[in-house]
Amino acid sequence: LKPSNTPAPFARRHFGGPSGCPRPSMAPAAVMQRASRALAAPALRRSHAPARAVVRPPAPVSLVARRCRSSSATHEVDVGHRGRRFGSLAMEPVATTTPSAPLKRVAPEAVEDLSPFCLDLRGLNERLRAELPAKPVRGAPIDQEVVDRVSDILRRTKLNPREWKQHAVFRRGRYTRNIVGYSPGQYIALLLCWGRGQQSPIHDHSGAHCFVKMLTGRLKEEQFAWAPGRQAADPKVICEAILDASVQADSVAFAHDDTGLHRVSNPDGEEVAVSLHIYSPPFEDCLVFPPTGGAAKRAPMVSINAPCPHLTQDPSSRPTGVPPPPSLSDLCKSLTRIGTELGWQPPTEQRTAPSPTPPDPFAILDAMGTVEMTPMEWASLAGPAHFSEFHCTQNLIHCDDHFSVMVSCWSPGQKISPHHIGGDRKEWVKVMHGSLTYQEFSPGLFWGEVDRESCLPEGSSTVLREGSARTRAVANASDTASAVSVHIFSPPLTQFTFRTDKGIERKCVPMLAGALG
């Protein structure tokens with residue numbers, strides 16, 4: 001049987017009559033004959049009964065309860081059919097019982113069967129832009145309608161591991177945050193990677209709504225109450241909960257400062273964990289609390305080396321009547337138009353594989369040289385959240401049949417290991433901020449010797465020499481300042497090939513969801 005394609009969550013599909021009975025239009029004799037066979041052979045009737053695919057409507061709000069232990073009593077906290085929330089102890093409890101009172105739980109078969117949304121990160125970000133408030137207010141009270149709606153979407157969303165693993169970065173000693181989606185002023189989506197036993201400090205969320213979806217592994221959440229005056233955290237753990245990616249009902253959670261503070265950790269000593277966090281609105285710092293109950297400190301959540309848009313582009317300095325320079329979005333549209341003018345046709349419109357005409361490298365270079373990033377593009381592509389303290393962040397923002405466009409954000413001193421992009425592929429680079437160092441290595445066996453080195457200053461546009469035998473490396477020329485660069489590849493590049501001491505390694509370049517709207 002094919003599953004229902006009906007998008008409505010309450011749709012029903014029936015095959016045969018209700019409860020497996022014949023349709024009312026059958027003759028009475030046929031009805032009696034079928035009923036007699038069903039009573040005579042119930043096992044046979046069950047094995048041959050017409051199947052039914054049903055998507056049930058949501059159950060009442062109070063479906064599942066969990067037990068939070070404290071020193072005085074045990075509370076049953078209502079978590080609802082849409083899943084539990086971080087920090088729900090701060091809300092009004094549904095019921096208060098003694099520790100010996102039995103905890104009522106719903107049988108697994110009573111929980112509604114929610115059909116999943118098999119989305120990619122781009123599709124999920126489109127849903128988030130549509131469901132989250134366009135201009136959320138930091139510190140606003142919990143919007144329960146938004147919480148229920150977004151939590152339901154996250155629980156039903158099934159992401160492809162091959163896609164989100166391109167963004168996953170693990171480091172010894174601490175967990176990492178990796179951006180996978182961003183809408184300025186609305187939300188930011190981060191992929192958090194937790195090694196064995198790693199944990200976060202006790203922290204707040206700067207007045208933002210925080211949604212968590214487990215992608216693999218398990219996480220433990222410990223809840224803490226605010227100390228009087230909300231300047232410190234009570235060091236006593238008031239509640240613990242487990243998030244489990246393998247259990248749909250326990251895979252999504254919600255946190256807000258009104259529900260208290262928390263600490264998140266990977267309790268597993270053998271397996272890593274990966275979780276998707278959505279913060280609305282985005283925030284760049286938060287309060288971190290010592291476990292001893294001392295005063296909080298404000299800690300940055302993003303890179304402090306990111307360039308400021310108003311320093312790199314000042315619209316007020318442009319002479320009156322002069323049109324603004326083309327933006328990155330305009331450049332991507334121009335590349336699509338150039339590819340069409342070169343006569344390329346998709347494979348569905350021709351019997352042979354496409355053979356695009358090579359673009360004029362100097363025409364692309366001229367078009368790239370006049371491009372400037374708008375303040376919105378700076379915020380969406382090269383804001384503080386886009387810089388990593390571990391590695392250069394590279395994200396595709398455009399990819400068609402002829403070109404791919406990549407934005408690279410370099411923290412001080414970062415570099416890309418020696419790699420090659422293929423003998424028939426051209427690369428254009430424009431340095432939007434800072435400066436880069438470009439190196440080419442000698443071909444052949446002794447590829448570690450630098451054959452050519454050049455500096456790419458801020459504002460420069462360069463077409464790099466092609467050649468499959470040429471291994472290249474690019475680095476931020478400064479140890480104290482950040483850099484931002486835009487790269488165009490033709491034919492499109494979506495994967496780097498690195499030469500290491502262990503041999504050849506390949507790494508896909510992730511697509512930044514929602515980059516250009």
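Reply:

Strand 20 (residues 404–410) and strand 27 (residues 483–490) run antiparallel and are joined by seven bridges. Within this pairing, V407 stands opposite V486 of strand 27. Before going on, please note that this is a predicted model, where local features need pLDDT of at least 70 and side-chain atom pairs count only at pLDDT 80 or more, while totals for chains, interfaces and linings use all residues. Residues are numbered from 1 along each chain as its sequence is written, and side-chain values use heavy atoms, with hydrogens and water left out.

Helices (H or I, at least four residues) and strands (E, at least two) are DSSP runs numbered from the N terminus. Counted this way, the chain has nine helices and 29 strands. Two strands pair if DSSP finds at least two bridges between them. In general, strands of a sheet pair through backbone hydrogen bonds, either parallel or antiparallel.

The pair we began with belongs to an open sheet of five strands in the order 19-20-27-22-25, with antiparallel pairing. Its edges are strand 19 (393–399) and strand 25 (461–464), each of which pairs on one side only. From one strand to the next, the twist averages 20°. For the angles here, axes are lines fitted to C-alpha atoms, for helices over the stretch in contact, and angles run from 0 to 180 degrees between N-to-C directions.

Two helices meet this sheet. Helix 7 (residues 328–341) lies across strand 19, strand 20 and strand 27, at about 50° to strand 19. Helix 8 (residues 361–369) packs on the sheet too, touching strand 22 (426–433), strand 25 and strand 27, and its direction makes about 15° with that of strand 22. Contact here means heavy atoms within 4.5 Å.

Five strands form an open sheet in the order 8-9-16-11-14, and the pairing is antiparallel. Strand 8 (176–183) and strand 14 (252–255) are its edge strands, each pairing on one side only. Neighbouring strands of this sheet are turned by 20° against each other on average, direction ignored. Strand 8 pairs with strand 9 (residues 187–194) in the antiparallel sense over seven bridges, and N178 has L191 of strand 9 as its bridge partner.

Helix 3 lies across strand 8, strand 9 and strand 16 (273–280), at about 60° to strand 8. Helix 4 lies across strand 11 (209–216), strand 14 and strand 16, at about 15° to strand 11.

These two helices also meet each other. Helix 3 (residues 121–131) and helix 4 (residues 144–156) pack at an angle of about 170°, with their axes 11 Å apart. They are therefore roughly antiparallel, since angles over 145 degrees count as such, while those under 35 count as roughly parallel, 65 to 115 as roughly perpendicular and the rest as oblique. Helix 3 contributes L124, R127, L128 and E131 to the contact, and helix 4 contributes V146, R149, V150, I153 and L154. By class, the contact has six nonpolar, no polar and three charged residues. Here Ala, Val, Leu, Ile, Met, Phe, Trp, Tyr, Cys and Pro count as nonpolar, Asp, Glu, Lys and Arg as charged, and the others, Gly among them, as polar.

Two of the contact residues form a salt bridge: R149 and E131, whose closest N and O atoms are 2.4 Å apart. The pair links distant parts of the chain, with R149 in helix 4 and E131 in helix 3, 18 residues apart. A salt bridge is a side-chain nitrogen of Lys or Arg within 4 Å of a carboxyl oxygen of Asp or Glu, and by this rule the count comes to eight.

E131 is buried, with a relative accessible area of 18%, whereas R149 counts as partly exposed at 28%. Buried means under 20% relative accessible area, exposed over 50%, and partly exposed in between (1.4 Å probe, protein chains only). The buried residues of helix 3 are L121, G123, L124, N125, L128 and E131. Their cover includes helix 4, strand 7 (157–158), helix 5 (161–164), strand 8, strand 9 and strand 16.
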